[in-house]
Amino acid sequence: MKKIITLTALLVSTAMFAQEMSIKYGPWVTNVTQDSFTILWTTDDSCLSWVELAPDNGNTWYQDEYPRYYETVAGRRMYGKFHSVRINGLQKGKSYRYRIVGKPIVDDSNPYAISYGATKAIRGHHTIKTLDYSAPACRFSMVNDMHFNTEKYFALINGIDKKNTDFIALNGDIISFSNARDTLIKYTVEPIKEFTANFPIVFARGNHECRGSEWYLTGKVFPTNSGEFYYIFRHGPVAFIVLDAGDDKPDSDPSYSDQADFDRFRQGELEWLKEAVKTPAFASAPQKVCIMHIPAFDGPDAWYSQHWIAQNFTPVLNEADVKLMLCGHEHKYILAKPGEFGNNFSIIANSNNERLDFEGTADKITVKTVDRNGKQTRIMTF
(Lines give C-alpha, C1' and ligand atoms only; values in the text may rest on other atoms or scores of the structure.)
Protein backbone atom coordinates (compact mmCIF):
# COMPACT_ATOMS: atom_id res chain seq x y z
CA MET A 1 0.00 0.00 0.00
CA LYS A 2 2.85 2.38 0.88
CA LYS A 3 4.40 1.75 -2.52
CA ILE A 4 1.12 2.61 -4.26
CA ILE A 5 0.72 5.82 -2.24
CA THR A 6 4.34 6.78 -2.87
CA LEU A 7 3.98 6.12 -6.61
CA THR A 8 0.77 8.18 -6.77
CA ALA A 9 2.40 11.05 -4.92
CA LEU A 10 5.39 10.86 -7.24
CA LEU A 11 3.18 10.97 -10.35
CA VAL A 12 1.23 13.98 -9.04
CA SER A 13 4.46 15.70 -8.07
CA THR A 14 5.94 15.08 -11.51
CA ALA A 15 2.78 16.38 -13.21
CA MET A 16 2.86 19.53 -11.07
CA PHE A 17 6.50 20.10 -11.97
CA ALA A 18 5.94 19.52 -15.70
CA GLN A 19 2.76 21.56 -15.97
CA GLU A 20 3.62 25.23 -15.70
CA MET A 21 0.83 27.58 -16.62
CA SER A 22 1.43 29.94 -19.55
CA ILE A 23 -0.74 32.08 -21.80
CA LYS A 24 -1.18 30.89 -25.36
CA TYR A 25 -3.13 33.86 -26.77
CA GLY A 26 -4.01 37.22 -25.30
CA PRO A 27 -5.02 38.97 -23.25
CA TRP A 28 -7.50 41.04 -25.20
CA VAL A 29 -10.19 43.39 -23.92
CA THR A 30 -13.66 43.87 -25.35
CA ASN A 31 -17.22 44.90 -24.42
CA VAL A 32 -15.99 48.05 -22.68
CA THR A 33 -18.58 50.42 -21.17
CA GLN A 34 -18.45 53.33 -18.73
CA ASP A 35 -18.28 50.96 -15.77
CA SER A 36 -17.11 47.57 -17.06
CA PHE A 37 -15.00 45.55 -19.47
CA THR A 38 -14.21 41.93 -20.32
CA ILE A 39 -10.67 40.54 -20.35
CA LEU A 40 -10.02 37.31 -22.26
CA TRP A 41 -7.07 34.98 -22.81
CA THR A 42 -6.25 31.35 -23.46
CA THR A 43 -3.74 29.09 -21.72
CA ASP A 44 -1.74 26.14 -22.97
CA ASP A 45 -3.10 23.92 -20.22
CA SER A 46 -6.24 23.84 -18.12
CA CYS A 47 -5.99 26.19 -15.17
CA LEU A 48 -7.86 28.28 -12.64
CA SER A 49 -6.87 31.88 -13.35
CA TRP A 50 -8.10 35.33 -12.47
CA VAL A 51 -7.57 39.05 -13.00
CA GLU A 52 -6.15 41.35 -10.35
CA LEU A 53 -7.15 45.00 -10.81
CA ALA A 54 -5.42 48.09 -9.46
CA PRO A 55 -5.77 51.87 -9.85
CA ASP A 56 -3.48 53.40 -12.45
CA ASN A 57 -2.01 55.78 -9.88
CA GLY A 58 1.71 55.36 -10.48
CA ASN A 59 2.30 53.35 -7.31
CA THR A 60 4.26 50.13 -7.40
CA TRP A 61 2.05 47.09 -7.95
CA TYR A 62 3.29 45.53 -4.73
CA GLN A 63 2.17 48.32 -2.41
CA ASP A 64 -1.26 46.87 -1.72
CA GLU A 65 -3.61 43.90 -2.01
CA TYR A 66 -5.93 44.11 -5.02
CA PRO A 67 -9.28 42.45 -5.71
CA ARG A 68 -9.44 39.25 -7.71
CA TYR A 69 -11.99 38.73 -10.49
CA TYR A 70 -12.86 35.24 -11.70
CA GLU A 71 -14.97 33.85 -14.49
CA THR A 72 -17.98 32.45 -12.68
CA VAL A 73 -21.13 30.57 -13.66
CA ALA A 74 -23.96 30.15 -11.16
CA GLY A 75 -21.70 30.58 -8.17
CA ARG A 76 -18.82 28.42 -9.42
CA ARG A 77 -15.41 29.62 -10.53
CA MET A 78 -14.60 28.27 -13.95
CA TYR A 79 -11.33 26.71 -15.06
CA GLY A 80 -10.09 25.51 -18.42
CA LYS A 81 -8.02 26.79 -21.35
CA PHE A 82 -10.33 29.61 -22.47
CA HIS A 83 -10.85 32.41 -19.98
CA SER A 84 -13.31 35.31 -20.04
CA VAL A 85 -13.56 37.59 -17.00
CA ARG A 86 -16.16 40.36 -16.77
CA ILE A 87 -15.34 43.20 -14.38
CA ASN A 88 -18.15 45.55 -13.29
CA GLY A 89 -18.55 48.47 -10.91
CA LEU A 90 -15.78 50.63 -12.39
CA GLN A 91 -15.60 54.41 -12.85
CA LYS A 92 -16.15 56.09 -16.20
CA GLY A 93 -13.15 57.36 -18.13
CA LYS A 94 -10.73 55.90 -15.62
CA SER A 95 -7.55 53.98 -16.38
CA TYR A 96 -6.93 50.68 -14.57
CA ARG A 97 -3.92 48.42 -14.32
CA TYR A 98 -4.42 44.67 -14.38
CA ARG A 99 -2.48 41.44 -14.38
CA ILE A 100 -3.43 37.80 -14.93
CA VAL A 101 -2.61 35.24 -12.24
CA GLY A 102 -3.44 31.56 -11.97
CA LYS A 103 -2.49 28.00 -11.24
CA PRO A 104 -2.66 24.88 -13.44
CA ILE A 105 -5.07 22.04 -12.83
CA VAL A 106 -3.00 18.94 -12.12
CA ASP A 107 -5.78 16.51 -11.23
CA ASP A 108 -9.53 17.18 -11.09
CA SER A 109 -10.70 13.57 -10.89
CA ASN A 110 -11.73 14.04 -7.24
CA PRO A 111 -14.54 16.63 -7.10
CA TYR A 112 -13.76 17.30 -3.43
CA ALA A 113 -9.99 17.75 -3.71
CA ILE A 114 -8.68 19.27 -6.94
CA SER A 115 -4.89 19.32 -7.21
CA TYR A 116 -3.22 22.52 -8.40
CA GLY A 117 0.24 23.49 -9.47
CA ALA A 118 2.04 26.60 -8.30
CA THR A 119 0.32 29.99 -8.44
CA LYS A 120 2.00 32.30 -10.90
CA ALA A 121 1.52 35.74 -12.44
CA ILE A 122 1.41 34.80 -16.10
CA ARG A 123 1.15 38.21 -17.72
CA GLY A 124 2.71 41.48 -16.66
CA HIS A 125 0.84 44.65 -15.88
CA HIS A 126 -1.40 46.14 -18.56
CA THR A 127 -3.57 49.24 -18.60
CA ILE A 128 -7.11 49.65 -19.88
CA LYS A 129 -9.49 52.62 -19.74
CA THR A 130 -13.27 52.66 -19.48
CA LEU A 131 -15.44 54.71 -21.82
CA ASP A 132 -16.90 58.09 -20.90
CA TYR A 133 -19.97 59.77 -22.43
CA SER A 134 -18.65 63.16 -21.30
CA ALA A 135 -15.27 62.88 -23.05
CA PRO A 136 -14.71 65.76 -25.51
CA ALA A 137 -13.77 63.49 -28.42
CA CYS A 138 -13.77 59.90 -29.63
CA ARG A 139 -10.80 58.50 -31.55
CA PHE A 140 -10.30 55.03 -32.96
CA SER A 141 -8.64 53.12 -35.78
CA MET A 142 -10.36 50.56 -38.02
CA VAL A 143 -9.19 47.76 -40.31
CA ASN A 144 -11.12 45.20 -42.32
CA ASP A 145 -10.80 42.33 -44.81
CA MET A 146 -7.40 41.03 -43.72
CA HIS A 147 -8.32 37.44 -44.69
CA PHE A 148 -5.51 35.78 -42.71
CA ASN A 149 -2.86 38.25 -43.97
CA THR A 150 -1.15 38.78 -40.62
CA GLU A 151 1.78 40.74 -42.02
CA LYS A 152 -0.45 43.41 -43.54
CA TYR A 153 -2.71 43.38 -40.50
CA PHE A 154 0.15 44.10 -38.12
CA ALA A 155 1.66 46.77 -40.40
CA LEU A 156 -1.63 48.68 -40.48
CA ILE A 157 -2.32 48.50 -36.74
CA ASN A 158 1.30 49.14 -35.80
CA GLY A 159 0.98 52.71 -37.05
CA ILE A 160 -1.82 53.80 -34.73
CA ASP A 161 -1.38 56.79 -32.47
CA LYS A 162 -1.19 55.06 -29.09
CA LYS A 163 -1.66 58.27 -27.11
CA ASN A 164 -4.83 59.26 -28.97
CA THR A 165 -6.65 55.99 -29.61
CA ASP A 166 -9.66 54.97 -27.54
CA PHE A 167 -10.23 51.59 -29.20
CA ILE A 168 -9.50 49.45 -32.26
CA ALA A 169 -12.37 48.45 -34.56
CA LEU A 170 -12.18 45.19 -36.52
CA ASN A 171 -14.81 45.58 -39.22
CA GLY A 172 -15.20 42.06 -40.51
CA ASP A 173 -13.42 39.43 -42.60
CA ILE A 174 -10.26 39.51 -40.54
CA ILE A 175 -10.37 35.78 -41.26
CA SER A 176 -11.84 33.86 -44.21
CA PHE A 177 -13.48 31.09 -42.14
CA SER A 178 -13.23 29.57 -38.68
CA ASN A 179 -12.95 25.82 -38.27
CA ALA A 180 -11.61 26.22 -34.72
CA ARG A 181 -11.77 28.84 -32.01
CA ASP A 182 -7.99 29.04 -32.00
CA THR A 183 -8.05 29.88 -35.71
CA LEU A 184 -10.15 32.95 -35.01
CA ILE A 185 -7.98 34.05 -32.08
CA LYS A 186 -4.72 33.31 -33.88
CA TYR A 187 -5.57 35.62 -36.77
CA THR A 188 -7.56 38.36 -35.01
CA VAL A 189 -5.81 38.79 -31.66
CA GLU A 190 -2.35 37.25 -31.89
CA PRO A 191 -0.97 39.39 -34.78
CA ILE A 192 -1.61 42.59 -32.80
CA LYS A 193 -1.13 41.20 -29.28
CA GLU A 194 0.97 44.15 -28.16
CA PHE A 195 -2.11 46.35 -28.67
CA THR A 196 -5.00 44.11 -27.60
CA ALA A 197 -4.03 44.07 -23.91
CA ASN A 198 -4.30 47.87 -23.64
CA PHE A 199 -6.79 48.95 -26.30
CA PRO A 200 -10.38 47.67 -26.34
CA ILE A 201 -11.49 45.81 -29.45
CA VAL A 202 -14.80 46.67 -31.10
CA PHE A 203 -15.72 43.72 -33.31
CA ALA A 204 -18.16 43.72 -36.22
CA ARG A 205 -18.79 40.33 -37.80
CA GLY A 206 -18.15 40.08 -41.53
CA ASN A 207 -19.70 37.62 -43.92
CA HIS A 208 -16.58 35.41 -43.78
CA GLU A 209 -16.79 35.14 -39.99
CA CYS A 210 -20.13 33.42 -40.69
CA ARG A 211 -18.26 30.54 -42.32
CA GLY A 212 -16.51 27.44 -41.00
CA SER A 213 -17.47 24.64 -38.65
CA GLU A 214 -16.86 26.65 -35.46
CA TRP A 215 -18.11 30.08 -36.61
CA TYR A 216 -20.51 30.10 -33.64
CA LEU A 217 -17.66 30.54 -31.15
CA THR A 218 -17.00 34.05 -32.47
CA GLY A 219 -19.46 35.49 -29.97
CA LYS A 220 -17.51 33.89 -27.11
CA VAL A 221 -14.25 35.38 -28.34
CA PHE A 222 -15.76 38.84 -28.84
CA PRO A 223 -18.67 39.16 -26.38
CA THR A 224 -20.94 42.21 -26.62
CA ASN A 225 -23.29 44.07 -24.29
CA SER A 226 -26.34 42.71 -26.15
CA GLY A 227 -25.21 39.11 -26.43
CA GLU A 228 -25.61 39.45 -30.21
CA PHE A 229 -23.38 40.52 -33.11
CA TYR A 230 -25.32 43.79 -33.17
CA TYR A 231 -25.12 46.26 -30.30
CA ILE A 232 -24.83 49.91 -29.25
CA PHE A 233 -22.10 51.71 -27.34
CA ARG A 234 -20.97 55.29 -26.86
CA HIS A 235 -17.81 57.23 -26.12
CA GLY A 236 -17.76 61.00 -25.76
CA PRO A 237 -20.04 62.77 -28.24
CA VAL A 238 -20.26 59.77 -30.58
CA ALA A 239 -22.80 56.95 -30.30
CA PHE A 240 -22.18 53.81 -32.33
CA ILE A 241 -24.53 51.17 -33.60
CA VAL A 242 -22.76 48.02 -34.76
CA LEU A 243 -24.82 45.99 -37.24
CA ASP A 244 -24.41 42.60 -38.87
CA ALA A 245 -25.61 41.95 -42.43
CA GLY A 246 -24.92 38.22 -42.19
CA ASP A 247 -23.56 36.54 -45.31
CA ASP A 248 -23.91 38.14 -48.73
CA LYS A 249 -25.93 35.66 -50.83
CA PRO A 250 -29.51 34.34 -50.62
CA ASP A 251 -30.08 31.67 -47.99
CA SER A 252 -30.81 29.14 -50.74
CA ASP A 253 -27.36 29.46 -52.31
CA PRO A 254 -25.69 26.02 -52.62
CA SER A 255 -22.46 27.29 -51.04
CA TYR A 256 -24.23 27.42 -47.66
CA SER A 257 -24.93 23.66 -47.67
CA ASP A 258 -28.50 24.18 -46.41
CA GLN A 259 -27.26 25.88 -43.22
CA ALA A 260 -28.12 29.54 -43.85
CA ASP A 261 -30.98 31.31 -42.10
CA PHE A 262 -29.80 34.89 -42.43
CA ASP A 263 -33.14 36.34 -43.54
CA ARG A 264 -34.68 35.43 -40.20
CA PHE A 265 -31.59 36.68 -38.38
CA ARG A 266 -31.66 40.06 -40.16
CA GLN A 267 -35.39 40.45 -39.57
CA GLY A 268 -34.90 39.97 -35.83
CA GLU A 269 -32.03 42.45 -35.93
CA LEU A 270 -34.27 44.96 -37.71
CA GLU A 271 -36.88 44.77 -34.95
CA TRP A 272 -34.15 45.30 -32.36
CA LEU A 273 -32.71 48.23 -34.36
CA LYS A 274 -36.02 50.10 -34.40
CA GLU A 275 -35.99 50.25 -30.61
CA ALA A 276 -32.22 50.52 -30.08
CA VAL A 277 -31.94 53.88 -31.85
CA LYS A 278 -34.46 55.31 -29.36
CA THR A 279 -32.34 54.58 -26.29
CA PRO A 280 -31.20 57.78 -24.53
CA ALA A 281 -27.46 57.06 -24.81
CA PHE A 282 -27.77 56.80 -28.59
CA ALA A 283 -30.54 59.29 -29.34
CA SER A 284 -28.95 62.09 -27.27
CA ALA A 285 -25.48 61.83 -28.84
CA PRO A 286 -24.39 64.78 -31.01
CA GLN A 287 -22.85 62.35 -33.52
CA LYS A 288 -24.21 58.97 -34.58
CA VAL A 289 -22.20 56.40 -36.53
CA CYS A 290 -23.03 52.95 -37.86
CA ILE A 291 -20.34 50.27 -38.16
CA MET A 292 -21.23 47.35 -40.45
CA HIS A 293 -19.02 45.16 -42.61
CA ILE A 294 -21.23 45.06 -45.71
CA PRO A 295 -22.09 48.55 -47.02
CA ALA A 296 -25.70 49.51 -47.70
CA PHE A 297 -25.09 50.00 -51.43
CA ASP A 298 -28.09 49.27 -53.61
CA GLY A 299 -28.74 49.09 -57.35
CA PRO A 300 -28.21 46.62 -60.21
CA ASP A 301 -24.79 45.49 -58.94
CA ALA A 302 -25.86 44.97 -55.33
CA TRP A 303 -25.68 41.47 -53.87
CA TYR A 304 -28.59 40.04 -51.90
CA SER A 305 -27.67 41.22 -48.41
CA GLN A 306 -26.70 44.70 -49.65
CA HIS A 307 -30.08 45.16 -51.24
CA TRP A 308 -31.81 43.83 -48.10
CA ILE A 309 -30.04 46.14 -45.66
CA ALA A 310 -30.46 49.16 -47.98
CA GLN A 311 -34.18 48.52 -48.11
CA ASN A 312 -34.63 47.72 -44.41
CA PHE A 313 -31.83 49.10 -42.21
CA THR A 314 -31.25 52.35 -44.08
CA PRO A 315 -34.72 53.89 -43.47
CA VAL A 316 -34.33 53.31 -39.71
CA LEU A 317 -30.83 54.80 -39.69
CA ASN A 318 -32.09 57.78 -41.70
CA GLU A 319 -34.79 58.47 -39.15
CA ALA A 320 -32.27 58.12 -36.31
CA ASP A 321 -30.13 60.87 -37.87
CA VAL A 322 -27.04 58.73 -38.43
CA LYS A 323 -24.30 60.81 -40.04
CA LEU A 324 -21.82 58.17 -41.23
CA MET A 325 -21.67 54.44 -41.98
CA LEU A 326 -18.26 52.73 -41.87
CA CYS A 327 -17.90 49.48 -43.81
CA GLY A 328 -15.46 47.19 -45.59
CA HIS A 329 -16.23 44.20 -47.82
CA GLU A 330 -15.44 45.81 -51.18
CA HIS A 331 -11.64 45.51 -50.80
CA LYS A 332 -11.29 49.04 -52.17
CA TYR A 333 -12.14 52.54 -51.03
CA ILE A 334 -15.61 53.75 -51.99
CA LEU A 335 -17.43 56.84 -50.75
CA ALA A 336 -21.19 56.98 -51.28
CA LYS A 337 -22.59 60.44 -50.66
CA PRO A 338 -26.00 61.04 -49.08
CA GLY A 339 -28.82 60.28 -51.50
CA GLU A 340 -27.04 57.74 -53.72
CA PHE A 341 -28.84 54.69 -52.33
CA GLY A 342 -31.68 56.20 -50.34
CA ASN A 343 -29.24 57.06 -47.55
CA ASN A 344 -29.27 60.38 -45.71
CA PHE A 345 -25.75 59.67 -44.42
CA SER A 346 -22.37 59.13 -46.06
CA ILE A 347 -21.13 55.55 -46.50
CA ILE A 348 -17.44 54.69 -46.55
CA ALA A 349 -16.26 51.26 -47.70
CA ASN A 350 -12.69 51.17 -46.41
CA SER A 351 -9.96 49.54 -48.48
CA ASN A 352 -8.38 46.32 -47.25
CA ASN A 353 -4.96 47.94 -47.80
CA GLU A 354 -5.57 50.95 -45.60
CA ARG A 355 -6.32 51.77 -41.99
CA LEU A 356 -9.11 54.22 -41.23
CA ASP A 357 -8.47 56.71 -38.41
CA PHE A 358 -11.55 58.38 -36.92
CA GLU A 359 -11.94 61.44 -34.72
CA GLY A 360 -15.37 62.66 -33.65
CA THR A 361 -16.26 65.76 -31.66
CA ALA A 362 -19.62 67.37 -31.05
CA ASP A 363 -19.06 69.63 -34.08
CA LYS A 364 -17.59 67.34 -36.72
CA ILE A 365 -16.22 63.96 -37.72
CA THR A 366 -12.81 63.67 -39.36
CA VAL A 367 -11.74 60.50 -41.16
CA LYS A 368 -8.25 59.78 -42.46
CA THR A 369 -7.03 56.74 -44.38
CA VAL A 370 -3.46 55.54 -44.05
CA ASP A 371 -1.56 52.85 -45.98
CA ARG A 372 0.66 50.16 -44.47
CA ASN A 373 3.71 52.41 -44.85
CA GLY A 374 2.11 55.09 -42.70
CA LYS A 375 1.35 57.41 -45.60
CA GLN A 376 -1.91 59.34 -45.33
CA THR A 377 -3.94 58.72 -48.47
CA ARG A 378 -7.00 60.91 -47.90
CA ILE A 379 -8.78 63.06 -45.32
CA MET A 380 -12.52 63.78 -45.11
CA THR A 381 -14.72 65.84 -42.84
CA PHE A 382 -18.40 65.18 -42.15
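Figure 1. One cavity of 30 Å³ or more turns up when the whole structure is searched. A cavity here is a set of points, on a 1 Å grid over the protein atoms alone, where a 1.4 Å probe fits but cannot get out. The space in the largest cavity comes to about 130 Å³, a volume being the space filled by probe spheres set on the points, with grid points joined across faces, edges and corners. Its lining has 15 residues, and Asn31, Val32, Val202, Tyr231 and Phe233 are the closest to the centre; lining residues have an atom within 4 Å of a point. Strand E12 (201-204) and strand E13 (231-235) each give two or more residues to this lining, and E12 has the largest share with three. Strands (E, at least two residues) and helices (H or I, at least four) are DSSP runs numbered from the N terminus. Nonpolar covers Ala, Val, Leu, Ile, Met, Phe, Trp, Tyr, Cys and Pro, charged covers Asp, Glu, Lys and Arg, and the others, Gly among them, are polar.

The model is predicted: local features need pLDDT of at least 70, side-chain atom pairs count only at pLDDT 80 or more, and totals for chains, interfaces and linings use all residues. Residues are numbered from 1 along each chain as its sequence is written, and side-chain values use heavy atoms, with hydrogens and water left out.

**Figure 2. The largest pocket.** A pocket is an open set of points with protein on both sides within 12 Å along at least five of seven lines. The volume of the largest pocket is about 430 Å³. Cys210, Arg211, Trp215, Gln259 and Phe262 are the closest to its centre among 17 lining residues. Seven of the lining residues are nonpolar, four polar and six charged.

**Figure 3. The second largest pocket.** This pocket has a volume of about 350 Å³. Of its 21 lining residues, Lys129, Lys163, Thr165, Asp166 and His235 lie nearest the centre. Strand E9 (residues 120-129) supplies the largest share, three residues. The lining holds seven nonpolar, eight polar and six charged residues.

**Figure 4. Backbone details.** Glycine 26 and proline 27 are joined by a cis peptide bond with omega of about 5°, and proline 27 lies in strand E1 (residues 23-30). Alanine 74, not a glycine, has a positive phi of about 50°. Alanine 74 sits in the loop between strand E4 (72-73) and strand E5 (76-77).
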